[in-house]
Amino acid sequence: IWQTVWLENRGPEYIDSFRFYTKISGDVTLRVKACAADGAKVTAVFDGKEFSGAVENGGAEIAMHFDDTRLWSPECPELYEGEIILGDDRVETYFGIREVAAKNGRILLNGKPIYINGTLDQAFHPQGHFTYPDDKSMHDEAWRLKRLGLNMVRIHIKPEEPRKLYWMDKLGILVMEDIPCFWGEPIAEARAAYEAELPEIIARDINHPATFAWVVFNESWGLLHGKRDDKVYLPE
């Protein structure tokens with residue numbers, strides 16, 4: 001165990017997960033997976049505005065709009081903070097309004113080409129290897145990237161500690177996050193573990209506005225079958 005672990009109480013009605021879909025027009029769609037009966041009210045309060053939707057078949061969709069949109073970018077990492085409420089369950093969270101796309105070999109952020117200037121982050125620590133000693137060390141790593149004039153970091157072969165992703169959101173560092181892969185051949189056990197972890201990692205970290213890309217395999221690790229010089233890619 002090398003990341004934060006916690007326990008919390010929750011009642012019979014609770015918010016299981018959620019995802020924000022943002023547009024630079026100021027339109028934001030919030031999709032909530034909820035454990036509640038049909039018709040239960042889910043409320044979202046952000047930027048002093050209240051929006052709501054009803055649970056249907058285990059989920060609720062809430063449409064929100066914000067005028068004079070404050071876009072998230074490395075130069076101006078604007079965040080909308082608030083909470084999502086279902087009965088007695090209240091989740092404090094935030095989102096950033098931004099759009100990411102690729103066109104003609106270039107990355108677009110909020111509809112404009114952005115020059116990516118970043119580094120690889122392997123994040124080893126003398127005390128805990130991958131475990132950070134405290135929150136300040138995570139803040140300092142994000143702040144160091146800003147001081148160096150960088151706007152992107154690739155997290156190497158692991159999902160990052162969510163608290164560090166918070167500081168990337170807050171300070172304005174684009175994050176390319178790796179899905180853990182493996183050296184050996186793509187045998188059934190390795191493939192099963194990989195395919196189970198990939199969607200869980202993306203679901204956990206997709207709401208961070210800093211996260212703009214996923215590295216599904218490091219180099220060709222876990223993709224090649226065979227020994228020595230006759231290694232080949234499997235058809236799939």
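Which residue's side chain meets that of R204 in a salt bridge? The partner is D205, at 2.8 Å from N to O; a salt bridge is counted where a side-chain nitrogen of Lys or Arg lies within 4 Å of a carboxyl oxygen of Asp or Glu. R204 is partly exposed, with a relative accessible area of 36%, whereas D205 is buried, with 0%. Here buried means under 20% relative accessible area, exposed over 50%, and partly exposed in between, computed with a 1.4 Å probe on protein chains only.

The structure is a predicted model, in which local features need pLDDT of at least 70 and side-chain atom pairs count only at pLDDT 80 or more, while totals for chains, interfaces and linings use all residues. Residues are numbered from 1 along each chain as its sequence is written, and side-chain values use heavy atoms, with hydrogens and water left out.

In the whole structure, 14 salt bridges were found. One of them joins the side chains of K170 and E81, at 3.5 Å from N to O. K170 lies in helix α2 and E81 in strand β6 (residues 80-86), so this pair ties together parts that are 89 residues apart in sequence. Helices (H or I, at least four residues) and strands (E, at least two) are DSSP runs, numbered from the N terminus. K170 is partly exposed, at 34% relative accessibility. A further salt bridge links the side chains of K136 and D140, at 2.8 Å from N to O. These two residues are four apart in helix α1, which means that about one helical turn separates K136 from D140. K136 is exposed, with a relative accessible area of 55%, and D140 is partly exposed, with 23%. D121, E141, E160 and K164 are linked in a network of salt bridges.

Four strands form an open sheet with parallel pairing, in the order β11-β12-β13-β14; two strands pair if DSSP finds at least two bridges between them. β11 (118-121) and β14 are the edge strands, each pairing on one side only. From one strand to the next, the twist averages 20°. β11 and β12 run parallel and are joined by four bridges. L120 has R154 in β12 as its bridge partner. Helix α3 (residues 188-205) packs on the sheet and touches β13 and β14, and its direction makes about 170° with that of β14. Axes are lines fitted to C-alpha atoms, for helices over the stretch in contact, and angles run from 0 to 180 degrees between N-to-C directions.

The largest nonpolar core has 25 residues, and those with the most contacts inside it are L145, V153, M168, L174 and V175. Such a core is a set of buried Ala, Val, Leu, Ile, Met, Phe, Trp, Tyr and Cys residues joined through side-chain atoms within 4.5 Å. At least two residues of this core come from each of α1 (135-147), β12 (152-155), α2 (162-171), β13 (174-178) and β14 (211-215). Helix α2 gives the most, with five residues. Apart from this core lies another, of 23 residues, including F18, L30, A34 and I62. Neighbours within four places in sequence aside, V153 is in contact (heavy atoms within 4.5 Å) with T119, D121, L145, M168, I173, L174, V175 and M176.

I15 is located in strand β1 (residues 14-22). At 8% relative accessibility, I15 counts as buried. Not counting residues up to four places away in sequence, I15 touches V32, K33, I84, I85, L86, D89 and V91.
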